[in-house]
Amino acid sequence: MSEAPDTPNTAAGPRPEPIRFFGTTWVDHDGGYAARRAAVAVGSLVAIVASCLVLRFAYEGLEIAAVGGFVTVLVVAMFAICSALAFRQTWTGFTERQAPDTQSALRGLLTIGFVGTLTAYFFRSLTEAPGEHLHRTEYATARTAYGAGRRS
């Protein structure tokens, strides 16, 4: 019995890191990149609308339960503030790597502010794949370093 030899690496050097929903199509904008970006934008917009409807039902539940104005204002403020912070955190995460401990510390805030995260994802997908700028910069740096290392 003969085993097939392992497939050799056809391209030496650094490989691009895949992005969720896009794989590595962001490198050359091929493989349905534009359609994927449109689908991500529409999908995140639909998720935002659905999320807002769920929050509306929760608000109506507070009104039906007659918990009082203070609790209602507190819940609405919590979702608004957490959404704003989640938007900012997600938006900066598209352009710079964040420390894993910071990311895990903010996991609860990002969960509560899911509307802000979805909104950041929607707006970024209008111009590029979310995280493409960060990945492209890191990939270009790695390719430059690999090319410099091979010459010396």
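**Exercise 1. A serine and its contacts**

Leaving aside its neighbours within four places in sequence, which residues is serine 125 in contact with?

*Before we start.* This is a predicted model, in which local features need pLDDT of at least 70, side-chain atom pairs count only at pLDDT 80 or more, and totals for chains, interfaces and linings use all residues. Residues are numbered from 1 along each chain as its sequence is written, and side-chain values use heavy atoms, with hydrogens and water left out.

*Step 1.* Find serine 125 in helix H5, residues 114-125. Helices are DSSP runs (H or I, at least four residues), numbered from the N terminus.

*Step 2.* Apply the rule for contact, which is heavy atoms within 4.5 Å. Beyond its close sequence neighbours, serine 125 touches Arg37, Val40, Ala41, Ser44 and Pro130.

*Step 3.* Check the accessibility. Buried means under 20% relative accessible area, exposed over 50%, and partly exposed in between (1.4 Å probe, protein chains only). Serine 125 counts as buried because its relative accessibility is 2%.

**Exercise 2. A network of charges**

Find the salt bridges of arginine 97 with glutamate 17 and with glutamate 138.

*Step 1.* Start with the idea: side chains of opposite charge can pair when their charged atoms come close. Here a salt bridge is a side-chain nitrogen of Lys or Arg within 4 Å of a carboxyl oxygen of Asp or Glu. The structure holds five of them.

*Step 2.* Take the pair of arginine 97 and glutamate 17, with N to O at 2.8 Å. Arginine 97 sits in the loop between helix H2 (69-93) and helix H3 (100-105), and glutamate 17 in the segment before H1, so this pair ties together parts 80 residues apart in sequence.

*Step 3.* Turn to the pair of arginine 97 and glutamate 138, at 2.9 Å, N to O. Glutamate 138 is in helix H6 (residues 132-151) and arginine 97 in the loop between H2 and H3, so the parts tied together are 41 residues apart in sequence.

*Step 4.* Arginine 97 is partly exposed at 46%, glutamate 17 is partly exposed at 38%, and glutamate 138 is partly exposed at 30%.

**Exercise 3. Along helix H1**

Locate the salt bridge between arginine 56 and glutamate 60, then the nonpolar surface patch that includes Val49.

*Step 1.* Arginine 56 and glutamate 60 both lie in helix H1, four residues apart, about one turn of the helix. Their closest N and O atoms are 3.2 Å apart.

*Step 2.* Arginine 56 counts as partly exposed at 45% relative accessibility, and glutamate 60 counts as partly exposed at 32%.

*Step 3.* Valine 49 is also in helix H1, residues 33-65, and is partly exposed at 48%. Together, Leu45, Val49, Leu53 and Phe57 make a nonpolar surface patch of about 390 Å².

Methods. Patch = residues over 30% accessible without salt bridge, like charges linked within 9 Å, V, L, I, M, F, W, Y side chains within 5 Å. Areas by Shrake-Rupley, 256 points an atom, 1.4 Å probe, with all protein chains shown as cover. Helix = DSSP H or I, 4+ residues; strand = E, 2+ residues; numbered from the N terminus.
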